[in-house]
Amino acid sequence: MNEVVLTPKEQPYVPIETSTIKPDDFANKSIDEIKDLEVWYGNTSSKIGDFFDVEGESGPTPAETNILIDGDVYNTKRIGQGMTDGKITVNGNVNMYVGAEMEGGIITVNGNADSWAGQDMRGGELIINGNARDYVGSSYRGDWRGMTGGIITIKGNAQNEVAEYMLGGKLIIQGDVRHMPGVHMNGGLLVIEGNVISRPGGEMKNGTIVIKGIVSEFLPGFEYHGIEKDLNIQGESIKGSFYKFKGDFSEKGPDGTVYVAVAGNNHIVP
Amino acid sequence: MEYIIKNGNVYDPLNKIDGEKVDISIKDGKIVDSVSADAKEIDASGQIVMPGGIDPHTHIAGAKVNVGRLIRPEDSKKDTEFSKPDSGKRAGTGFSVPSTFMTGYRYAQMGYTTAMEAAMPPLLARHTHEEFHATPILDHAAFTLLGNNWFIMQYLKEGDIDKAATYASWIIKATKGYAIKIVNPGGTEAWGWGGNVHGIDDPTPYFDITGGEIIRGLAEVNEMLRLPHSIHLHCNDLGHPGNYETTLASLDLPKGIKVDPVTGSRKTSVHATHIQYHSYGGTNWRDFVSEAPTIADYVNKNDHITIDIGQVTLDETTTMTADGPMEYDIHTLNGLKWANCDIELETGSGIVPFIYSPKAPVPSVQWAIGLELFLLVDDASKVCMTTDSPNGGPFTRYPRVFSWLMSNKAREDMLENKVHKWAEKRTSLATIDREYSFYDIAQISRSSPAVVLGLSDTKGHLGVGADADIAIHNFNIDNQDPSADYGAIESSFQRSSYVFKDGKIVVQDGEVTIPNHHGRTFWVDSLYNAELEKQVVSEVENVFKQYYSVNFENYPVQDEYVLKPAPINGIKEAGK
Amino acid sequence: MEIHEDVPCPFCGTICDDIICKVEGDEVVSTQNACRIGNAKFVHAEGAERYKKPMIRKSGELVEVSMDEAVEEAAKMLVESKRPLMYGWSSVDCDAQSVGVELAEESFAVIDNTATVCHGPSLLAVHDVGYPVCTLGEVKNRADVVIYWGCNPLHAHPRHFSRHVFSRGFFRERGRSDRTVIVVDPRESDTSKLADVHVQVEFDKDYELLDAIRTALRGKKILYEQVAGVPRETIEATVELLKKAQFGILFFGMGITHSRGKNRNIDAGIRTIQDLNAHAKFTLIPMRGHYNVNGFNQVCTWETGYPFCVDFADGSAKYNPGETGSNDLLQNKETDGMFVIGADPGAHFPQKALEVMAEIPVVTIEPHRTPTTELSDVIIPPAFVGIETEGTAYRMDGIPIKMKKLVETDLLSDKEILVRILTRVRELKASK
C-alpha cells in the first residue's frame, strides 16, 4: 500500500474546488504529475502543487493508493468526489461535497465537514469524526434519486435535511440533527443517536429512521404502531425500546418507518 | 462569400436527386447556378449532401419549455456546454430540455437549420419570441394555439365561420405566429375545471362544442385563410389505449376541404402530429397493443393527410404539452413532479418528467409503434421525422432514429437484446424488413416538412433559389453499408462535417463555428376581411376589458420582439 | 402635457397595465388607477436622493466621475476578482438581464437575483415537486376558493384584490361574493380581515399544518388532536371545503417561504395543491415582489438552464443554492468582488453578509442613494425602466409585458451601461 501525503499551504480566501484529489486520479502517477493535476481556484485554473506540498508515492491502482491530507483544508471542496477505491484521510476540516458521488473506498475526515457530505453516494465509506452541516447523504437539486449505497458515519452533529431523498445505504449520525432528517426518504437506513428538533421523515415514502435521542416535534401524518424492542434493520442491530410510526401519510401509500426511543419521547405519542 | 460543394453524394428529393454527384454552388446566402472561380471549394468526396434539416414539431421556446428547464436542474446537469468567450459561443445546459443557445448549437451540429416551436399560447407569445432571440442559427416559427380558444369556440358554436376566420387571421398576426395549432380540442378548456373530454363527440363544459366541431371548423378556417401550413392537429385522447378510433375519426374530418395555399405547394388539409401517441389499441395498459398498421393503412389510402411520428427514443426525458389534463394523468401514473399552467381564455399546459425504460413493456411498445408507422407508410413524402422533442425523447436522438430506420439489423439488435418482449408481441415491428434509404431520410427530415409547412420555395431542397442551408455528413456510400454499419449512421448525423446556414459555414467537423448567427422568424401576415376584422377586434376588446388580466393595448406582440422577421404574405381581403 | 394610457406599472409583480400617466416635460406629474406605491414610483415621490452622475469612492468620499471612468472601474473589478458575484436584477428589464448573464459568463462570475432573499425557497421546492400554476385571469374568471398563505396582498400588492378577486369574472358574475376567501397566517392582517375563514396557524408550524391537511385529504386520521394550534376537526372541515371547490387557487408569500423549513413549506404547499386535484381543480401562484424578479428567473433559466445562483467559475453553468447563492457566497467569504444592480442588498441582507460587503469592492448600478450605495465603491445611475426607458418584464404569473417609456432622460439604460461594461471587460481580458 502506497501513500501520497498532501500538506496544505495556507488555504486561500476564495475556495479551491477539485474532484482530482482521489486515488482514482493519483494512482500510477508520479509526484510531479500529481502536483500538475487541475484544481479550480475561484474562476482560475490552478494546480494541486500551488496549494499543497506533495510527497510520497502513489500505488499502481486506486485500491493500492492512500492519500493523507495532513492539515486543515476548510476551504477545499469536493475532496474524494466520485472515488471508487483506496483511502483518503484528512487531518483537518473539509469544505463542501466531501465524498460526493463516491462509489467505493474509505474517506476519513478528522475534523468537520461542510454541507453535502456524501451527496448522491453509491458505495464505500465516509467517516466524519467531527460535525457536518446540511444535506449529508442527500440528492442533487431536483433529483428524486439520492444516496443509493455505502455508509456515512458522522461522529458529531449534523444540521438540516440529512438523508434527503435517500434510497439506500446507511447514514449514522452519532450526535444531534436539526430539522427534517430523512425528508422525502424512499429507502435505506438513517440512524440518529442524538436529538432531533423537528419533522423527521417528512414526506417519506419508504426506508427506516431510528432516533435514539429526543424528538422535540413530530409530524401529524404518521400512524402510531406501539412499542418495539431491539431492532434489526439492514444488518444493523439496535438495542432498546422504540415507539414505532409508519408514514408519512401525506404521501400516497407510504411504507416508511420511524422508530423513536421510548425514553424521553412520551410527548410525541398520541 | 461564394462556395462550391463538389463530389458529394447529393440527396435532394424535391429535385429528384438520389445520391448522384452534383455540384452545389452558393452565393449571397442562396443556392445559385454557378459561382466565380474565386468560390471556395468544399470537397465532399465520400460524404453525403442534403438540404438543412427541418423540424416541423418541437418544443424549444416559450413558457412551458422554460418551466421544463426550471423544474429539472437534475436534467440540466446531465449535459453541459462551456462558453468560448472569444468566439461568442455561450454556455448552456440540459439533456432533455437544453437552454436556448445550446438548442441552436445542438440542432445545427446535426445538420438541422429550421425548427418549429409547436405550441405558442397567444397571451405568452412575447415569451416565445424572446427565447427565439436567444436561440441561434435556426430559422424558426411558432404555431399559435387555437383549439381551446374562447373566441374560436364561441364563433364556431354560433356557426359564424367568417368571424372565426377573421379572428384566426388576426390572432396569428397579433402573436407573430405561423400556423393554427389544435391540441386536445375542448379538452384543455375542460381542464380549466379539472376535467377532460373523451373522443371527438364529447362537448366541452359551457361552450358546449365538441372536439370534432373544433377540428372541422378550424380546418375550414385554415383553407379560407389559405395558410402555408395545414391545421396542425394533436388529436383528443393522446396516450390512451384504444385511442386509434378517435384518431381515425379526427383525421377524416378535414377530408374534402379545398386546399390552395397562397404560398408553397401543400395539397393536404391536416397534419396529424406525434401520431405514435394516437395509434394505440386495447382498453388499458395491460391489454395495450399497436394499431399502427391500421393508422398507416389510413394514411396510405388518403392524400389529404401528412403525419409526424413522435418517436419514443427510450430515454429519461421531460414531457410537455398544451394538453393539460394528459400531463396530470401522467403525474398520477408515474408520481413524478408536475407543472401546469392554465392560460386565461386560451389554453393550458403541463409538464412531467418521464422515464421511457427499454426494460418496461409499455415504453417498448411505444418505441415499436413509432417505427412501425415510419416503415408502414409507403410514401415518405407523407411522413415527417419528429420525436415531439422532448416528449418522446430529445431531438438530439434523431440520428439514432435514422439508424433504426435504415438498418433492420439495428432493430433486431434492439428487439433481441435491449427492449421488453412486448415490443415484438404487441406490434408488427419484428415482421417488417423495410430499410430506409438516404433518399427516404432526406424526405422525412427535409423535403416532407418543407412541403407541408409551405416553405418548399426556399427550404428543404438544393435547387437554384433555395436558401443555402446545407448539411454534409461523413458517410461513404461506396464502401459503407448503412444496414450493417448503423453506428456510423448515428455518428455521422450527430456531428455533421459541414453545415451551411444562409450560405455561411456555421458548423465544421461537428463544432459550431458561428455561434451567434441569427435565424429568421417566419410568421403569417394575412387579412381576411378588413371590415369584419374591425368588428371582431372590437368584440375582442370588449371581452378583454372584462375577462382578461392584461389590457388589450398591451396584448399584441410588438414588432421589436421579432429580430429578423420573415413575414409570409397570406390572403388579402379574401373574405369579402 | 401628455396623457399616456395602458401604462404598465414598474413596482410589484402584479404589473397592473391600466395606469394612466400625466406627463409634463420630463416628469410624470400624476397617475390614475395606480396604487399608492405605484403612484409614488411614477412621480418619484419616494423622497430618496436621485443620482444623476456616476461616482467613485476616492479616499472614502464619493466623487462624481465620467461614465468612462466608472465603467472602467466596474470592468476592472469584474476582471480582477477571483470569484465575482453579480446580484440584483429584479428591477431591470429582461434585455438588461440577458446582457447581465452574458457579462457574468464573460467574467466567470456568479449571477444571482433577489429571489435569493424572497422566493428562492419556492424555486427550490419547484425543482423538487413541480409548479402547477395559472394566469391571474383564470383566478378572476373561475376561482371560487382563494387561499392566501403567509402573504398580505392588501399591503404588498395593493390592487391584487380589486383586479382579480373582488372583480367579476366570466363564471363568477358576482365577484367577491361568489368566492370563499381563506387566509392562513399566524397574525391578523388587513387581508385576514377580508377573509371568510382565517386559519391562525402557529408561527413556524406551516409544514406541520400542510402535512396534516394532506393526510386528511388521503382519508387518513391526523395523528394529533391539534396541529399547529388548529384542532383536528377544523382541519378536516377545511379539507372538505377545499375538496368541494370548482376552481381553487393558493397565493403564498414571504410568511411561509421564510418560516421554519423554508423550501419544504413550499414543497408541502405545492404537493397539497397537486393532491387536491384528485378532488377539485386547484392551482397556485407565488406572490412575487419586485415587478421583474420573475423576468430574471425566466431569462436566466432559458439562457443557462437554472433560474438564479448560477456559477460560471469554470466557463460552464453550475448551480446549487446553499453554495452559489449571494448570501452563501458572502457569509462563507467566498466572493471577493460584488456587482449590484436593480436591488438593495444593503437594506435586505443579514448583518454578517453586509460585513463582508464592507470589506470587498462593490460596484452598484442604482438610481437612488440607498444603504447599498453607502457600501459601494462605484455607483452608476441608470434610467428607470417603465418610465424613462422601455423593456420587457414578467408578471408573477409569467405573462410578459412590454414596459413603456414615458419621458426623456439623458441617463443611460441599465442595458446600455451593461453593454459598455461588457465591452470593456472583453478589452481588458484581451489585453491581459
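Two residues are in contact if their C-beta atoms, placed from the backbone, lie within 7 Å. In this predicted model, local features need pLDDT of at least 70 and side-chain atom pairs count only at pLDDT 80 or more, while totals for chains, interfaces and linings use all residues. Residues are numbered from 1 along each chain as its sequence is written, and chains are lettered from A and ligands numbered from 1 in the order in which they are written.

The contact between chain C and chain A takes 30 residues from chain C and 27 residues from chain A. Helices (H or I, at least four residues) and strands (E, at least two) are DSSP runs, numbered from the N terminus. On the side of chain C that touches chain A, helix 4 (120-129) and helix 9 (206-217) of chain C are the elements that give two or more residues. Helix 9 of chain C gives the most, with six residues. That side of chain C has ten nonpolar, five polar and 15 charged residues. Here Ala, Val, Leu, Ile, Met, Phe, Trp, Tyr, Cys and Pro count as nonpolar, Asp, Glu, Lys and Arg as charged, and the others, Gly among them, as polar.

Domain bounds come from an automatic or database domain assignment.

| Domain pair | Distance between C-alpha centres |
|---|---|
| Domain 1 and domain 2 of chain C | 26 Å |
| Domain 1 and domain 2 of chain B | 28 Å |

In chain B, domain 1 covers 2-50 + 464-512 and domain 2 covers 51-453. Their contact takes 28 residues from domain 1 of chain B and 28 residues from domain 2 of chain B.
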